[in-house]
Amino acid sequence: MTHFSPREIVSELDRFIIGQNDAKRAVAIALRNRWRRQQLESPMREEVMPKNILMIGPTGVGKTEISRRLAKLAGAPFVKVEATKFTEVGYVGRDVEQIIRDLVEDAIRIVRDKKREAVRAKAHANAEERVLDALVGKNASPATRSSFRQKLRNNELDDKEIEVEVADSGGQQFDVPGMPGQIGMINLSDMMTKALGQERTKTRRITVSQSYEYLIDDESDKLLDDEELVAEALRAAQEDGIVFVDEIDKIAAGNQGMQGGVSREGVQRDLLPLVEGTTVATKHGQVKTDHILFIASGAFHVSKPSDLLPELQGRLPIRVELRALTKEDFRRILTETEASLIRQYVALMKTEGVSLEFTDDAIDKLADVAVKLNSEVENIGARRLQTVMERVLDDISFNAPDKDGETITIDADYVQSSVADIAQDTDLSRFIL
Ligand SMILES: Nc1ncnc2c1ncn2[C@@H]1O[C@H](COP(=O)(O)OP(=O)(O)OP(=O)(O)O)[C@@H](O)[C@H]1O
């Protein structure tokens, strides 16, 4: 849990997301409130419920991105679901509980990574022993072993192939029909393994340098206490979890009742207990959903937030509007964000020895084309930048390996010739951009 103040949280989010200050403020307060709650003593602590958020805004303007970055910043378990998924044929009411199960899986991933980090040094040492076993055999003399160890540490054996045995984490999960949830979640291969009383492993033939990745993970897992890991993950899901429910507007009334599957209002009714606070059984244990932060989101072009069930409206008390992005926003998204597409492409080309440069007017043109396509073809928000950039960089990406040592400058003319002409033709753009 982060100790950042709301102002610090907003400024962290500013590194990745342009504008949308109201939404950033709202999530910053929500996160800080969690920290505040955790400073409280019982019983007050149990009384304070999260103030869930409803984000209203067109597609591709940063709703998911803000939530995902917030979760990352807080090291919080995160899942995103589309509310409409539960209206599909074949879904039944209790399927919404899968959201919480997925949240627990994400929590396990986060806690495992953190714990692996803590035992990394020891795991690295154990991994080295296993690489040596694979190289010289378990019975080699101490002198041989030590000379190989030296070579290994000098990276002289990096490309040598060895055979290593690692735990096989693959395994199919089956939800037994009619028994969704805890009892139904059966990992068949786990059962077989347990029945046979043996650890499932597989042998892989890989280079020494690649083997470290597997062996360190494998050795770390042996050093981890599974029970402790699961307990911590359940706590994290329960106390720090963030659930992002997209397309909530599509299950609001105002959109007609049944459509092939479960009625929209039915889905709202199924979601309600999760948001109000219930206990969900997962294969790892029970999770109380009372303190999970829910962020619901939708464009609300057709329906309005007041078309949602009153109980659900009441559970989403914080409303924030995200605005459509302008050309200036697109410019800033391309140039100012930390992992901007421009930075990503420059970094990717650098791996091929190519220096990629964009002139100012090229960026202007890119933003221009994106705005034009959004207004003429379909408004997909900042996602448009991805399709446009991909097209502009297509040739360069393909030929980069032959251009080692060169500098390539992309200017407005280049953008014009690679996309703007297609953009003139709306029908063509629908397919290509
Ligand atoms: N304001 C912004 N600043 C920087 N990048 C943005 C912004 N808005 C969107 N993006 C980028 O556009 C992509 C899509 O954004 P995002 O997933 O947040 O859309 P959304 O608003 O949640 O839409 P939807 O409801 O359709 O999922 C992401 O890659 C994101 O990085």
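Here are some worked exercises on this predicted model.

**Exercise 1. Into which domains is the protein chain divided, and how far apart do the centres of domain 1 and domain 3 lie?**

Step 1: Start with the bounds. Domain 1 takes in 6-110 + 233-321, domain 2 covers 120-223, and domain 3 covers 327-432.

Step 2: Look at the spacing. Between the C-alpha centres of domain 1 and domain 3 there are 33 Å.

Step 3: Check the contacts. On the domain 1 side 8 residues take part, and they meet 12 residues of domain 3.

Step 4: Bring in the record. UniProt, in an unreviewed entry, puts "domain: Clp ATPase C-terminal" at residues 325-419. That stretch is 64% helix and 8% strand, with its end C-alpha atoms 20 Å apart.

**Exercise 2. Work out the strand order of the open sheet, and find which strands stand at the edges.**

Step 1: Write down the order. The 5 strands run 2-7-10-1-11, with parallel pairing.

Step 2: Pick out the edges. Strand 2 (78-82) and strand 11 (318-321) each have a single partner strand, so one side of each has no neighbour in the sheet.

Step 3: Zoom in on one pair. Strand 1 and strand 10 (residues 293-298) run parallel and are joined by 4 bridges.

Step 4: Helix 4 does, touching strand 1, strand 2, strand 7 (242-246) and strand 10. The direction of helix 4 makes about 170° with that of strand 7.

**Exercise 3. Why does the largest nonpolar core lie between domain 1 and domain 3?**

Step 1: The core has 78 residues, and Val27, Ile53, Ile242, Val243 and Leu366 touch the most other members.

Step 2: Take one member, Ile242. Setting aside residues up to four places away in sequence, Ile242 touches Ser67, Leu70, Ala71, Ala76, Phe78, Leu293 and Ile295.

**Exercise 4. Take Ile18 and Val61 from the annotated "binding site": is each one buried or exposed?**

Step 1: List the annotated positions. The unreviewed UniProt entry gives Ile18, Gly60, Val61, Gly62, Lys63, Thr64, Glu65, Asp246, Glu311 and Arg383. They span 366 residues of sequence and are spread in space too, with up to 33.6 Å between C-alpha atoms.

Step 2: Ile18 sits in the loop between helix 1 (6-14) and helix 2 (21-39). Val61 is in the loop between strand 1 (53-56) and helix 4 (63-74).

Step 3: Use the cut-off: 20 or more other C-beta atoms within 10 Å make a residue buried. Ile18 has 21 such neighbours, so it counts as buried. Val61 has 25, so Val61 is buried as well.

Step 4: Ask what they touch, leaving out neighbours within four places in sequence. Ile18 is in contact with Asp329, Arg332, Ile333, Glu336 and Thr337. Val61 touches Gln20, Leu322, Ala324, Leu325, Gly381 and Ala382.

Definitions and conventions
Residues are numbered from 1 along each chain as its sequence is written. This is a predicted model: local features need pLDDT of at least 70, side-chain atom pairs count only at pLDDT 80 or more; totals for chains, interfaces and linings use all residues. A nonpolar core is a set of buried Ala, Val, Leu, Ile, Met, Phe, Trp, Tyr and Cys residues joined through C-beta atoms within 7 Å. A residue is buried if 20 or more other C-beta atoms lie within 10 Å of its own, exposed if 12 or fewer, and partly exposed in between; C-beta atoms are placed from the backbone. Two residues are in contact if their C-beta atoms, placed from the backbone, lie within 7 Å. UniProt positions are given in the numbering used here, feature names are shortened, and annotations may be inferred rather than shown by experiment. Helices (H or I, at least four residues) and strands (E, at least two) are DSSP runs, numbered from the N terminus. Two strands pair if DSSP finds at least two bridges between them. Axes are lines fitted to C-alpha atoms, for helices over the stretch in contact, and angles run from 0 to 180 degrees between N-to-C directions. Domain bounds come from an automatic or database domain assignment.
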